[in-house]
Amino acid sequence: MLSSRSRAARVDWYLRSSMYVLYAAVPLAVGGALGGELAAHDTELGALALVSAGLATAQAIAGAMLLSAAIDHHLGRRPRPTRLIIVVVALSVLTIASGWPAYADNDADYAFVVVVVMTSFLAAITPIVSMTTVVSATLIGWLLAAGPAILRDWHEFFPQLGLFLVVAVAIFTCRTTVWMLDMVWQLDDAQHVKANLAVAEERLRFARDLHDVAGRALSVVALKAELAAKLGERGRPEAVEEMLEVRRIAQDSLAELRAVVSGLRTAQLDEELAGARSLLAAAGITCRVIGDAVGLGPRTQTAFGWAVREATTNVLRHSEARECTIELDRAADGTVSLIMTNDGASGGRIRHGNGLTGLTERIADLGGTVTADREQPDRFRVEVRLPATADRPEVAHQ
């Protein structure tokens with residue numbers, strides 16, 4: 001339900017819905033214009049009207065899907081929707097071409113249909129192309145569509161100019177809405193980063209306290225051991241009791257340290273992704289994260305957190321990278337993959353150091369695999385794959 005979503009997600013939903021209204025109007029505008037033209041000429045092109053209206057509806061649905069995919073790409077959540085762009089272009093061309101026979105003598109109405117279809121496409125791709133490209137395409141498309149009508153009758157100039165202004169306002173509104181969406185999610189990310197920084201600061205404070213506690217325990221062990229040594233030199237039987245006390249203190253301290261460290265050394269995926277992006281940016285490396293940790297189990301998140309940490313260390317130590325991509329991918333069978341690629345990889349044979357070896361062992365305990373390969377010409381790719389059963393307790397103890 002919408003009420004269960006975060007504030008940023010609700011704003012995202014409202015803003016996207018406001019843009020989808022544009023696509024609901026496309027089949028109505030095309031069908032209405034074509035129907036009126038056929039009725040005015042008393043033609044027998046009813047079937048053509050149905051085909052054109054059907055194509056306009058398909059183009060509108062595909063355009064809305066493309067807009068959603070383009071926004072997600074702009075926000076770094078998915079790859080560029082190239083195939084969807086091709087589909088929308090094809091449907092737009094077919095919609096425009098199917099209406100041409102009905103407008104043989106009315107360039108103005110046909111220009112209206114062309115501009116409506118063109119606007120729906122340009123609005124859909126505006127999140128993933130530059131503003132200059134959108135403005136240029138809008139102007140060129142309008143000139144091609146309205147030019148014949150204006151040349152035939154100069155009185156059509158101002159109506160067609162008004163139509164151009166409406167198109168420009170619609171596309172500018174979509175562009176502004178996408179910018180607002182970007183800002184909303186950046187603010188949401190900033191709030192999460194702020195919360196994570198607070199947690200990290202608390203952990204650091206606790207680590208300092210832990211250091212003090214461990215220091216005191218080790219000091220007691222050292223004093224007890226020294227006392228036992230002196231008693232032993234004198235042949236005193238109390239030396240055995242002191243050493244037993246040393247063993248007890250050491251065992252208690254070790255158990256306490258293990259319990260605390262096991263809690264502190266969990267690698268949270270969102271925190272590691274944010275940390276990797278920050279570290280790489282500080283080193284002048286552009287980092288892009290595709291996907292998020294929503295829906296992943298705790299063991300999967302921890303394993304991927306370690307993977308991000310190790311792969312980031314390798315990028316900083318063993319490459320001259322300028323860009324890096326981290327992608328979370330979910331397969332239909334439940335398998336989850338974390339793929340991290342970077343450029344600037346140095347030549348030579350790949351060597352699995354202690355970091356990659358330890359990571360491979362961790363992932364193998366969960367039934368997963370780690371692959372590290374060099375791709376031509378200078379890219380390096382690390383893929384960590386975990387099965388859907390990775391978060392089951394029995395898998396972790398195999």
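The legends below describe several close-up views of one predicted protein model.

**Notes for all views.** Residues are numbered from 1 along each chain as its sequence is written, and because the model is predicted, local features need pLDDT of at least 70 and side-chain atom pairs count only at pLDDT 80 or more, while totals for chains, interfaces and linings use all residues. Side-chain values use heavy atoms, with hydrogens and water left out.

View 1. Helices (H or I, at least four residues) and strands (E, at least two) are DSSP runs that are numbered from the N terminus. Of the 398 residues in the protein, 39% are buried, where buried means under 20% relative accessible area, exposed means over 50%, and partly exposed lies in between, with a 1.4 Å probe and protein chains only. Among contacts (heavy atoms within 4.5 Å) between residues at least 6 apart in sequence, 71% join residues at least 24 apart. The accessible surface comes to about 22500 Å², and 61% of this belongs to carbon and sulfur atoms; such areas come from the Shrake-Rupley method with a 1.4 Å probe, and for residues only the protein chains shown count as cover.

**View 2. Salt bridges around Asp72.** A salt bridge is a side-chain nitrogen of Lys or Arg within 4 Å of a carboxyl oxygen of Asp or Glu, and by this rule the count comes to 8. The side chains of Asp72 and Arg16 meet in one of them, at 2.8 Å from N to O. This pair links distant parts of the chain, since Asp72 sits in helix α2 (residues 46-74) and Arg16 in helix α1 (residues 7-41), 56 residues apart. Asp72 also meets Arg77 in a salt bridge, at 4.0 Å from N to O. Asp72 is buried, with a relative accessible area of 19%, whereas Arg77 counts as partly exposed at 32% relative accessibility.

**View 3. The salt bridge of Glu383 and Arg385.** The closest N and O atoms of Glu383 and Arg385 are 2.6 Å apart. Glu383 counts as buried at 9% relative accessibility, while Arg385 is partly exposed, with a relative accessible area of 41%. Elsewhere, salt bridges that share partners join Asp12, Arg16, Asp72 and Arg77 into one network.

**View 4. The largest nonpolar core, with 37 residues.** A nonpolar core is a set of buried Ala, Val, Leu, Ile, Met, Phe, Trp, Tyr and Cys residues joined through side-chain atoms within 4.5 Å. In the largest one, the residues that touch the most other members are Tyr23, Leu66, Ile71, Phe121 and Ile125. The elements that give two or more residues to this core are α1, α2, α3 (82-98), α4 (107-125) and α6 (157-233), and the largest share, 9 residues, comes from α2. A second, separate core of 35 residues includes Leu280, Ile285, Ala321 and Leu386.

**View 5. The aromatic pair of Trp13 and Tyr14.** Rings of Phe, Tyr and Trp (its six-membered ring) pair if their centres lie within 6.5 Å, and planes under 30 degrees apart count as stacked, over 60 as edge-to-face and the rest as tilted. The structure holds 1 aromatic pair, formed by Trp13 and Tyr14, which is edge-to-face with 5.3 Å centre to centre and 75 degrees between the planes. Trp13 counts as partly exposed at 39% relative accessibility, and Tyr14 is partly exposed with a relative accessible area of 49%.
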